[in-house]
Amino acid sequence: MLFPNGKPKALTFSYDDGEKQDIRLCQLFNKYGLKGTFNLNSGLMSVEPSESSSKVALSQIPEVYAGHEVAVHTVNHPFLERMTTVEIATEILEDRRTLEKYTGYVVRGMAYPFGTYNDDVIRVAKDLGIAYSRGVHSHYGFGIPSKWLEMPATCHQEYDKIFDLAEKFINSKTTADWRGANGWLFYIWGHSFEYRTEEDWERMEKLCALLSNREEIWYATNIEIYDYVEAYRSLCFSADLESAYNPSGIDVWLMHKGKVHKIPAREQVNF
């Protein structure tokens, strides 16, 4: 698998809680052409901007997060695994309903409050239309998620070796030399309020600058990555692996015998 336009790598960010520092962070992402997903607790946000609130206001969502993804983080940020099924459903569905009202689009992503969940939480989230949900586990690699509702990240924003990971990511060889690897995904998560000093912001801007403007990297939101990978996984191959049919509505790219191929939506390509 390659990412859109044959790119071998993808980069995404995921930030929780909707604190006002998101405004500066989004401006930083926009400056460097990066994309992120922002997981918001609608019940803790005021409708209009308020000096007494530390959160972005609901009415600011369209402007602040334009070009990025807004996703569920529940209404009130509880420990979902301690709640009844009805309570879990209410926290997820009502947050989703409110966020959809202010974004104007279908919200399908999520991050678990405190990063905690159990089988009941996963089942309810799936039943309520959540396509993926992130915890707080870091694997420090660049693999593609296999369980979308237990989605790990590469690392937290404050990981002390994040620049080493970034250098490894940008200096890695192309997919042609990876012996069948299905693309590399660098996934960074955190909270914008953790940038407490100008030194913290300078460190983040340095990371953004390092990772930005690279032809081999696809800069995407969490849901864009989910949709693309699932489209790739839906490909139907011929018995001899010399043809592929794409039943999805998304164009996908792959490498076959060292050559890059585009498989247009709802079309068959013979290699």
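Select helix H5 (residues 162–171) and helix H6 (residues 198–211): their axes come within 10 Å and cross at roughly 10 degrees. The model is predicted, with local features needing pLDDT of at least 70 and side-chain atom pairs pLDDT 80 or more, while totals for chains, interfaces and linings use all residues. Residues are numbered from 1 along each chain as its sequence is written, and side-chain values use heavy atoms, without hydrogens and water.

Helices (H or I, at least four residues) and strands (E, at least two) are DSSP runs, numbered from the N terminus. Axes are lines fitted to C-alpha atoms, for helices over the stretch in contact; angles run from 0 to 180 degrees between N-to-C directions. H5 and H6 are therefore roughly parallel to each other (angles under 35 degrees; over 145 is roughly antiparallel, 65 to 115 roughly perpendicular, the rest oblique).

Now show the side chains. From H5, Ile162, Phe163, Ala166, Glu167, Phe169 and Ile170 meet Arg203, Lys206, Leu207, Leu210 and Leu211 of H6. Contact means heavy atoms within 4.5 Å. By class, the residues in this contact are eight nonpolar, no polar and three charged. Ala, Val, Leu, Ile, Met, Phe, Trp, Tyr, Cys and Pro count as nonpolar; Asp, Glu, Lys and Arg as charged; the others, Gly among them, as polar.

Go next to the open sheet of three strands, ordered S10-S11-S14 with antiparallel pairing. Strands S10 (236–237) and S14 (268–270) are its edges, each pairing on one side only. Strands pair if DSSP finds at least two bridges between them. S11 (residues 243–245) and S14 have three antiparallel bridges. Pick Ser243: Asn270 in S14 stands opposite.

Select Ser133 in strand S5 (residues 132–138). Ser133 has 0% relative accessibility, so it counts as buried (under 20% relative accessible area; exposed is over 50%, partly exposed in between; 1.4 Å probe, protein chains only). Beyond neighbours within four places in sequence, Ser133 contacts Met110, Ala111, Tyr112, Trp148, Leu149, Glu150 and Met151.

Turn to the cysteines. The whole structure has zero disulfides (cysteine sulfur pairs within 2.5 Å). For Cys155, the nearest cysteine sulfur is that of Cys208, 13 Å away. Cys155 is buried at 0% relative accessibility. Cys236 is partly exposed at 40%.

Finish at Phe3, in the segment before strand S1 (9–16). Phe3 is buried, at 0% relative accessibility. Not counting residues up to four places away in sequence, Phe3 touches residues including Ile144, Trp184, Trp218, Tyr228 and Trp253.
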